[in-house]
Amino acid sequence: MSDAAASAPIRRFLAPPDTVAGRVQRAGLVVIGVMGTAVLIGPFLSPYEATEHICTPFQTPNTAHPLGCNDVGQDLLTGILVGGRISLSIGIVTALLTTIVATLVAVVAAYRGGLVDQIAMRVVDVVMSLPFLPLVIVLGAFFGASLPVQVLVITLVMWAHPVRELRSQALSLRAAEYVEAARAMGASGWRVTTRHILPELTPLIAPQFIRVAHNAILIESSLSFLGLGDPIRKSWGAILFHANARTAFLTDAWVWWVLPPGLAIALSVVAFALIGYGVGDGEDASKRAQPTADGMEPAEAPDAPEAKLAIRELTIDYDTSPGHFRAVQGASLNLAEGETLGLVGESGSGKSTLAMAVLGLLAPSARVTGGRIMLGDSSLLTLTPNAFSRLRGKRIALIPQSAMNALNPVMTIGRQLIEAVRLHQNPSPAAARQRAVELLEMVDLPPGRMGAYPHELSGGMRQRTVIAIALANQPDVLIADEPTTGLDVLVQAGIMELLSDLQRRLGVTILFVTHDLPLIAHAADRLAIMQDGEIVETGEPEALANFADHPHTRALFASTPSIHAPKMWTRPTIAPSVPPLLDLVDVSLTFNKGLTAKLRNARPVIAVSGLSLQIRPGEVVGLVGGSGSGKTTAARVALGRYTPDAGQVLFMGREVSADRRRPIHMVFQDPYQSLRPRMRVGDIVAEPLRIHGIRDTANRIRDALAAVRLPSDESFLSRRAASLSGGQRQRVAFARAIVTDPKLILADEPTSMLDQSIRMDVLKLMESLRLERHVAFLFITHDIVMARHFCDRLMVMQSGVVVEEGEADQVALQPKHPYTQALIAAVENMSAPPQVELKPEAAE
Amino acid sequence: MVYFRIVSQYLAVFAVALTLNFALPRIAPGDPLNYMLTEDVLANMTAAQEAEVLREFGLDKPLLVQFTAYVTGVFRGDLGTSVRFGEPVSEIVLARLPWTLLLMGWALALSAAIGTALGILAAWWRGGRFDLSSLVVVLFIGSAPVFWVAMLLITLLSAELGWLPSFGAAPLGAIPGSGEYILGVAERLIMPVTALAIVQTASILLTARSAMSIALGQDYITFARAKGVPEHQVFFRHAFRNALLPIYTNVMIGIGNLVGGALVIETVFSYPGIGTLILEGVEARDYNLLQGVFVLATLGVVLANLIADLGYPLLDPRVRRT
């Protein structure tokens, strides 16, 4: 359930027919279909030629001429039907040409990158800055008025417009992990472009086509209206040109002469607009749902009168089409004054929904269908929206999930602090400012940063600002919803320390929502474990660690060993005399040093500097570091994806070059991104074989899937990646990695995006592959605890340099370098409480 | 550095426009003289006369020399001579320019103000009746050709009701500056500005609405609500301030469309601006005139873009340089 909710949606151009957007799009298709059919067939059915003079000028409508005639006695209805052919075909042909040109430019620019991209985008900018109608007029005047000229001229001014959007989409596709994965398997640029980028780009090309067709019809009619249309084959615009030239609107004929062609243009353009409706809009169009009072039972006395916050039998449903989805089921919690309660659950467990319900900030599609929430002695769910709003920030405050984006980007942090103060208190401007300065100081930020905008602060500083705002009015209850997720390990430790310090000083009650058990187990007074919408167990961390009743709680604790616990995987040491599989000798790589970087005004970044690394057959080496430490770049250098500026990359004693068949494979962090959602399992696993030109794939696919403990029957092979769970996906990714029997797999944070309870399974899988298939691993991670347990040797990286390396236990238990010491200290402060059967070793 | 890039960008645009202008008569089918003289003159010319004319226009010199001469000419304000009027193109264009600017300025201001206001109201009542009906109306109006809207306005307000004059920009015979004159100018502005603004408003309304919806979905909005900011302040202070950026961009991009719209609409009202001038140029095959208008239109759009770029830092602290 949790995995299905998190899976990336498959993009399609047409929305499903039961949605508003789908209906609107289909209405557009019907309109354009009817018009297309009419202008295709109509002229054959009409008894007249459009150029024939067959009636009296300005003839009013009669049965022979339903729209009457123009000034020279031509039948107007026939003229409109014939004109439609011209207008619509110019629109469609131009849109086709333009889209083809734009797609080519966008894909080439995005794929080649660098100078080609820079030049292409400058040209696009220039073309887009030219005033297009005057340009079209000048071009049209010089090259004569004919249909091909019109098509070419409109294409010439329009092609640049879709390039921008298509290129940025192609760029994000190029950076997509499944493209990176294909590159890592050794796929050529051509293969990546045709097999991965173009198929994924197609749904985005369609709306561009629609947009151009829409504009082309309008431009054509303007051109023809100015007399620059084909003088013989008259389009709708040209009919209006003649009507205007003869001042038709001063006669009674205008209704029949002027209205229909204009309506026809507007209708066809509207139809195209409707087809493109909702594409790229992607937001829901309803107001925030307010907690409903239905399902509210008469208040009985709260079971825990001293509770600051009491949640009773809370049930929350999401409206989905069809039916509804129960996110929270009968959840009850008590938070005593000054307590920190850790609400721990995996993705989709309902923990955030529960937290948002307490704040009255549920998503519009969510409804509280039962239960009560009591803050002190006031019932929150019966409050009016305004009353709830007055309470938020004053009695209950939030530290939100994404601190990076929680601050308004166009307001200084000082203003946002002052706003928070003034919302609930009524201080003088000077006093409000003074209070804001105090708040900044409270979270250890210099008051000089009052005038800073959020983008000028680091992630940690923004999170501190958010905490300051949350505490501005001394709330009784603080909801911290994954407040440190996405921050670097050391920054995370700093924030946790700040929070527990503030909690001690201010005595605030904290509901701490997180997926990270070790992080909160140390800091919380009590834990509540949530699974599939239910709170399965509550208790003190130590008690839960040792005497958990619920299997889920036990699984969670089992998957988060302490740094000091006995090493979970110990393997026989490999003699240093065994020649290394992979040998990186003094490798350095700097980004942003070329001409294009100068053009972009980008500073050079030293990604890896003087890195030496050996991996012997069957060995597991851990590369540990925070974000930006250069560990992923190092892996890509080892893979041959990047060519180092200096140093050597040897595989089995031979230089790794960019285009050779690679005996190394890579497994990526996020199995939701490293597998293309629309591809079938069979094709995903077969891809490395196909890239290397191996035709007979069936047996090897079966073997690889068996090795990762997945079924290999037809029905599983034909399932799409989008329908698999996260754990299954990561297994498929490993199957893809081993299908060519590599001797070495680079695993880039292979567990960090997975739920805690399946992380261990992935590590166990890696160990079984090591034993059965004699694969060595480079395990890249920010998690020094896991690295210490799983790896034989560790290398700790900071800012592109290896600061410490050695046997895993030696590095983790007796760290020498200050950075390693800081990493260890950070996890010691947030490791799960010791389990009874494990004897903790003393920290030095 | 940023400004250097912006300026070089616009210089490039202008250079492309000049190069196009220079190249067109030389690469288009037929002799360049076809594009500089009228047909009856050409038909009666002897070979010697032709050579003399070529020399006079400098067309016998190497291309690079011709190009330099052309570019320096443009920078001195020399855009050639109009065949149709027999006067320097720059003078003719400058005489017509104020009328077009008047038209465009009003249309831009009106459409920006009304489009933004309506779009925000639609976002406030999103999903409601006002939102849906405004979307339907706007989709249709935004799809109608601007000249057709103008023709319908004339039919209704001039031909049928006789309320407004449908011809020209100023009353004939009135003394410029007099009350009668100003009233006449205003009367004649109403219809073309309305037609232009109606079509432009549609696109701004859509942008404003979607920019507001996107802004309202951001994390900082949730956090603002969690701070206890009342809904109307969330909407107007937090969301609107951020939605202003895409709205501003769209209004500025719209200037390019307005130039096109103004040119077409003038021909409907015989409004004596650049658009009518273009039509006269097209009819007379006065290529010098058309090219001159194109260069000036490019210059105008480039200037508008430049002003737009300079305005960004005022709205968005993220592009400010310290």
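**Chain A, one helix at a time**

Colleague: What do the buried residues of α26(A) pack against?

Modeller: The buried residues of α26(A) pack against α25 (681-691) and α28 (726-738), both of chain A. This is a predicted model: local features need pLDDT of at least 70, side-chain atom pairs count only at pLDDT 80 or more, and totals for chains, interfaces and linings use all residues. Residues are numbered from 1 along each chain as its sequence is written, while chains are lettered from A and ligands numbered from 1 in the order in which they are written.

Colleague: Which residues of α26 are buried?

Modeller: A:I701, A:A704 and A:L705, within helix α26 (residues 698-707) of chain A. Buried is for 20 or more other C-beta atoms within 10 Å of a residue's own, exposed for 12 or fewer, and partly exposed for in between, with C-beta atoms placed from the backbone. Helices (H or I, at least four residues) and strands (E, at least two) are DSSP runs, numbered from the N terminus.

Colleague: Why do they line one face of the helix?

Modeller: Looking down the axis of α26(A), its buried residues fall within an arc of 95°, so they line one face. The arc is taken from the directions from the helix axis to the C-beta atoms.

Colleague: And what follows α26(A)?

Modeller: A:R709 does, and its phi is positive, near 60°.

Colleague: Zooming out, how many helices and strands does chain A have?

Modeller: Chain A has 32 helices and 20 strands. Its C-alpha trace spans about 105 × 75 × 55 Å along the principal axes, and 50% of its 844 residues count as buried.

Colleague: New topic. How many residues of chain A are in contact with chain B?

Modeller: 62 residues of chain A are in contact with 65 residues of chain B. In contact is for two residues whose C-beta atoms, placed from the backbone, lie within 7 Å.

Colleague: Which element of chain A gives the most to that side?

Modeller: α5(A), with nine residues. By class, the side of chain A that touches chain B has 40 nonpolar, 15 polar and seven charged residues. Ala, Val, Leu, Ile, Met, Phe, Trp, Tyr, Cys and Pro count as nonpolar, Asp, Glu, Lys and Arg as charged, and the others, Gly among them, as polar.

Colleague: I clicked on A:L423. Buried or exposed?

Modeller: A:L423 is buried, with 21 other C-beta atoms within 10 Å. A:L423 belongs to helix α15 of chain A. Setting aside neighbours within four places in sequence, A:L423 is in contact with A:G393, B:K227, B:G228 and B:V229.

Colleague: Back to helix pairs. At what angle do α18 and α32 of chain A pack?

Modeller: At about 45°, with the axes of α18 (residues 489-506) and α32 (residues 818-828) 9 Å apart. Axes are lines fitted to C-alpha atoms, for helices over the stretch in contact, and angles run from 0 to 180 degrees between N-to-C directions. That angle makes α18(A) oblique to α32(A). Under 35 degrees counts as roughly parallel, over 145 as roughly antiparallel, 65 to 115 as roughly perpendicular and the rest as oblique.

Colleague: Which residues meet there?

Modeller: A:V489, A:L490 and A:A493 in α18(A) meet A:A822, A:L823 and A:A826 in α32(A). The contact of α18(A) with α32(A) has six nonpolar, no polar and no charged residues.
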